[in-house]
Amino acid sequence: MADRFTDFMIPLKETHFSLKDYVDFPKVVANVEAISIKLNQLNYLIGQGDMATAVKRLWDENPKVFSVLDVLIAVRTKDRKKAIDAYGNTHLVSEYFKSPEQVTTFLNETGLTNIFQNKQIKNLVDYVFGVEVGLDSNARKNRGGHIMEDLVANILTQNGIEFDQEVYYTEFPEIVRALGADNKRFDFVIRTLEKTYLIEANFYTGGGSKLNEVARSYSELAPKINAVPGFEFVWITDGIGWKDARNKLEEAFAHIPSVYNLTNIQELVTILKND
């Protein structure tokens with residue numbers, strides 16, 4: 001077991017991101033297109049010397065265009081971001097879009113008035129496209145888990161292995177009895193003639209207490225599942241984050257017979273094909 005663990009640790013990868021994973025451009029394009037008409041109308045403010053008057057004129061034409069101002073400072077209304085005013089009062093950012101006077105205050109205090117008047121932004125549609133790219137890059141962490149799942153799914157598909165994804169344990173009465181009230185969902189389920197494999201897949205680029213908790217949780221979960229005839233728990237994990245949690249992962253190896261990374265996953269594929 002010690003040799004297997006050592007072999008497991010050596011090829012752990014720094015990242016599982018490919019170039020296509022850094023920015024979700026279809027999502028960026030969709031977000032921009034959804035507000036492009038309003039952004040084009042807001043272009044009227046660019047180059048205006050008297051911003052308060054320009055805002056009032058645009059407000060009288062269509063007050064709804066100002067509802068998208070939040071994205072100009074890389075904020076989304078749904079996130080309910082707040083700001084403190086000169087009097088110490090706290091307001092939702094969206095509250096600044098309820099009157100032309102409040103909109104002017106927003107533009108002045110954020111610095112957008114100067115940006116518009118100096119024409120440092122030429123076109124708000126193009127500008128927001130860049131903002132959306134930045135906002136999407138902040139979502140990379142949330143995409144990380146799905147990327148690992150996609151990698152595993154691609155490997156299984158390429159090897160002709162059928163699987164189901166995101167399956168709740170309640171589909172298996174035997175496992176329900178073993179796990180009790182734990183509302184567990186498995187990333188993959190693979191059914192062969194001999195067994196049903198319940199699989200978790202994750203990737204960690206950094207350390208921290210979460211890795212220790214994951215290792216402990218799976219160390220408790222695996223024996224319960226493996227004790228049920230016809231079922232086996234499989235853990236596919238990778239990432240240099242495990243180097244900081246090496247001891248916990250090594251402990252997990254003692255309780256989980258089937259642990260694989262992206263390098264030795266072909267061993268699992270061979271087992272699944274022959275099972």
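Q: What makes two strands count as a pair?
A: Two strands pair if DSSP finds at least two bridges between them. Keep in mind that this is a predicted model.

Q: How do you know that E6 and E7 are paired?
A: There are 2 bridges joining E6 to E7, and the cut-off is at least two, so they pair. The two strands run parallel. Tryptophan 235, for instance, has valine 259 in E7 as its bridge partner.

Q: Where does helix H9 sit relative to the sheet?
A: H9 packs on the sheet and touches E4, E5 and E6. The direction of H9 makes about 155° with that of E6.

Q: Which strands make up the sheet, and in what order?
A: It's an open sheet of 5 strands, ordered E3-E4-E5-E6-E7, with mixed pairing.

Q: Why are E3 and E7 said to stand at the edges?
A: Strand E3 (164-168) and strand E7 (259-260) each have a single partner strand, so one side of each is left without a neighbour in the sheet.

Q: What makes the pairing "mixed"?
A: Look at E5. Strand E4 (residues 185-191) runs antiparallel to E5, with 4 bridges joining them. Strand E6 (residues 231-238) runs parallel to E5, and 8 bridges join that pair. As examples, arginine 191 is bridged to threonine 196 in E5, while alanine 201 has isoleucine 236 in E6 as its partner.

Q: What do E5, H9 and E6 make together?
A: E5, helix H9 (residues 209-226) and E6 make a right-handed β-α-β unit. "Right-handed" is used because, with the strands pointing away from the viewer, the path from the first strand over the helix to the second runs clockwise.

Q: How do you know that both faces of E5 are covered?
A: In a regular strand the side chains alternate between the two faces of the sheet. On one side of E5, Thr196, Leu198, Glu200 and Asn202 are buried, and so are Tyr197, Ile199, Ala201 and Phe203 on the other.

Q: Why is glutamate 250 called partly exposed?
A: Its relative accessibility is 31%. Buried means under 20% and exposed means over 50%, so a value in between is partly exposed. Glutamate 250 is found in helix H10 (residues 246-253).

Q: How far is glutamate 250 from phenylalanine 8?
A: In sequence they are 242 residues apart, but in space the C-alpha to C-alpha distance is 10.0 Å.

Definitions and conventions:
Residues are numbered from 1 along each chain as its sequence is written. This is a predicted model: local features need pLDDT of at least 70, side-chain atom pairs count only at pLDDT 80 or more; totals for chains, interfaces and linings use all residues. Side-chain values use heavy atoms; hydrogens and water are left out. Buried means under 20% relative accessible area, exposed over 50%, partly exposed in between (1.4 Å probe, protein chains only). Contact means heavy atoms within 4.5 Å. Axes are lines fitted to C-alpha atoms, for helices over the stretch in contact, and angles run from 0 to 180 degrees between N-to-C directions.
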